[in-house]
Amino acid sequence: MTVALELSGIEKRFGARRVLTGVSLSARGGEIVAVTGPNGTGKSTLLKIVAGLLRPTRGEIGLALSARDFSSPEQRRKNVGYVAPDLALYPELSGRENLAFFAQVRGESGRDFGRALERVGLGGREGDPVGVYSSGMKQRLRIALATLFDAPLLLLDEPGLALDAEGVGLLEALIRERKEAGALILLATNDAREALLGDRAVDVAA
Amino acid sequence: MWLREARAIFEKEIRTEWRTRVALSGVGLFLLGGLTLIGLAFQGRRVDSDGAAALLWILLLFTAATGLGRGFVQEAERGTALALRLHARATAVWAGKFAFNAALLLALTALATPLLLGALSVDTGETNFGALACVLGLGSIGVAAVFTTTSALVAQSNGRSGALLAALSFPVLVPALFMGVGGTKAALGVSFTVSAWSAASGYITVLGSYGAIAVAASLVLFDYVWND
């Protein structure tokens, strides 16, 4: 499935405060775009807009999958894998139960949850409640959920947050794997090393 | 597809509630405390159907406010609402949460009603229990629908206060409470000239319509509440 994303003049205001000022971007599947910029300039906001979780104040978003239009927020939400620091999973449920719940909601219960958790290094802890996970383990679980459905558009907001060296290695391997599978990856980061994973960078503050 | 989404959310609500018992312990304490105070205050004296109907609906209203108002607020406070918004349709989220709230309130109503009528020594000789079940069941469904939607509105506000929940819910609930109290009195056998069923049927029709309108309006409006 080929994916193409087109952002044109995206602006976002929260009341009087303007966060994004006319961000434009054109990207295709198999590409990693690092989204950079100082704190508070709207990297996370931009990813939320692309994910269909926020509406832009101004601007157009186009998402095409195999030349078919999937631009509405509802369609975009179904086609993105999303990792963000403010995205939490249910602490009363185990890692496996969380993945199974979201897969059931999406009608994709046949996914291999054990493998998804193994790939992020949570193989031995899949039955533990997420409430007892460390910050790094919760981040690994977010990554497992984002990559579980092989979404053609992967939106990663500070994906290396709280990860140890092994976790960073697993994350980078997963990002490269999804890129080779033809996914388009937007990677919002302040980490210079992480930004190097991008084929190019877009500075939202520029 | 939509039903499967709603069912998954309903099952998740049951599982998470069973493990934390946040709503159950809150409503259980309120119900137990309310029934104990009412029992101590009346000390076995017989209360007529007017008083019993009013006390029953006071108990149900505040129990519902204690237990049903937290659903969406908790999702917003913990950050799980984001994941839910990403993966599920808004109306399916509402339907799953509503089904859980309605089931909880119906179970509490079934538990509280006989205990309260017993504590107040209400004469049930003329009571039509089918009509009483219809009034309380339909009333509970309407109340659950309103609290489910207002809980989502409160969760989207920055204050997320309980006062906002009460201020939003109460005006919308007045017709249901009015009909609920009237229907309960009628079903308990307040009228000596017509059967309890005849007396209650008008209230049952209005409560059924109220519940249907509350559910339909919530489903139509919820997408805007949830996604904006």
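Visitor: How do the elements of chain B run from the N terminus on?
Guide: This is a predicted model. The secondary structure of chain B comes to nine helices and zero strands. From the N terminus on, the elements therefore read α-α-α-α-α-α-α-α-α.

Visitor: What does the secondary structure of chain A come to?
Guide: Chain A has 206 residues, and 44% of them are buried. Its C-alpha trace spans about 45 × 35 × 35 Å along the principal axes. The secondary structure comes to seven helices and nine strands.

Visitor: What radius of gyration does chain A have, against that of a compact globule?
Guide: A compact globule with 206 residues would have a radius of gyration near 17 Å. The value for chain A agrees with this, at 16 Å.

Visitor: What radius of gyration does chain B have, against the same kind of globule estimate?
Guide: The C-alpha trace of chain B spans about 55 × 35 × 30 Å along its principal axes. For 228 residues, a compact globule would have a radius of gyration near 17 Å. Chain B agrees with that estimate, and its radius of gyration is 18 Å.

Visitor: Which share of the contacts in chain B with a separation of 6 or more is due to residues 24 or more positions apart?
Guide: Of the 228 residues of chain B, 48% count as buried. Among contacts with a separation of 6 or more in chain B, residues 24 or more positions apart account for 87%.

Visitor: Is α2(B) roughly parallel or roughly antiparallel to α6(B)?
Guide: Helix α2 (residues 22-42) and helix α6 (residues 90-119) of chain B have axes 10 Å apart and pack at an angle of about 15 degrees. Angles under 35 degrees count as roughly parallel. The pair α2(B) and α6(B) is therefore roughly parallel.

Visitor: How do the residues of the contact of α2(B) with α6(B) divide by class?
Guide: The crossing of α2(B) and α6(B) is right-handed. On α2(B) the contact residues include B:Val27, B:Leu31, B:Leu35 and B:Gly39, and on α6(B) they include B:Leu104, B:Leu108, B:Ala112 and B:Leu115. An α-helix has 3.6 residues a turn, so residues three or four places apart point the same way. The contact of α2(B) with α6(B) divides into twelve nonpolar, one polar and no charged.

Visitor: How do the residues of the contact of α3(B) with α6(B) divide?
Guide: The axes of helix α3 (residues 49-68) of chain B and α6(B) come within 10 Å and cross at roughly 145 degrees, and the crossing is right-handed. Among the contact residues are B:Leu56, B:Leu59 and B:Thr63 of α3(B) and B:Leu105, B:Leu108 and B:Thr109 of α6(B). By class, the contact of α3(B) with α6(B) has 13 nonpolar, five polar and no charged.

Visitor: Which elements do the buried residues of α4(B) pack against?
Guide: In helix α4 (residues 71-78) of chain B, the buried residues are B:Gly71, B:Phe72, B:Val73 and B:Glu75. Just after α4(B), B:Gly79 takes a positive phi of about 90 degrees. The buried residues of α4(B) pack against α3, α5, α6 and α7 (129-156) of chain B.

Visitor: How many residues of α5(B) are buried?
Guide: The buried residues of α5(B) include B:Thr80, B:Leu84, B:Arg85 and B:His87. The helix is largely enclosed by the rest of the structure, because the buried count is eight of the eight residues.

Visitor: Which element gives the most to the side of chain B that touches chain A?
Guide: Between the chains, 19 residues of chain B are in contact with 17 residues of chain A. On the chain B side, the elements that give two or more residues are α1 (2-20) and α5 (80-87). By class, that side has seven nonpolar, five polar and seven charged residues. With nine residues, the element that gives the most is α1(B).

Visitor: Is B:Asp223 buried, exposed or partly exposed?
Guide: B:Asp223 is found in helix α9 (residues 196-227) of chain B. Leaving aside neighbours within four places in sequence, B:Asp223 is in contact with B:Ala90 and B:Thr91. Because B:Asp223 has 15 other C-beta atoms within 10 Å, B:Asp223 is partly exposed.

Terms used
Residues numbered from 1 in each chain as written. Chains lettered and ligands numbered in written order. Predicted model: local features only at pLDDT ≥ 70, side-chain atom pairs only at ≥ 80, totals over all residues. Helix = DSSP H or I, 4+ residues; strand = E, 2+ residues; numbered from the N terminus. Buried ≥ 20, exposed ≤ 12 C-beta atoms within 10 Å, placed from the backbone. Contact = placed C-beta atoms within 7 Å. Axes fitted to C-alpha atoms, helices over the stretch in contact; angles between N-to-C directions. Parallel < 35°, antiparallel > 145°, perpendicular 65-115°, else oblique. Left-handed = near helix turned anticlockwise from the far one by under 90°. Nonpolar A, V, L, I, M, F, W, Y, C, P; charged D, E, K, R; others polar. Rg over C-alpha atoms; globule rule 2.2 N^0.38 Å.
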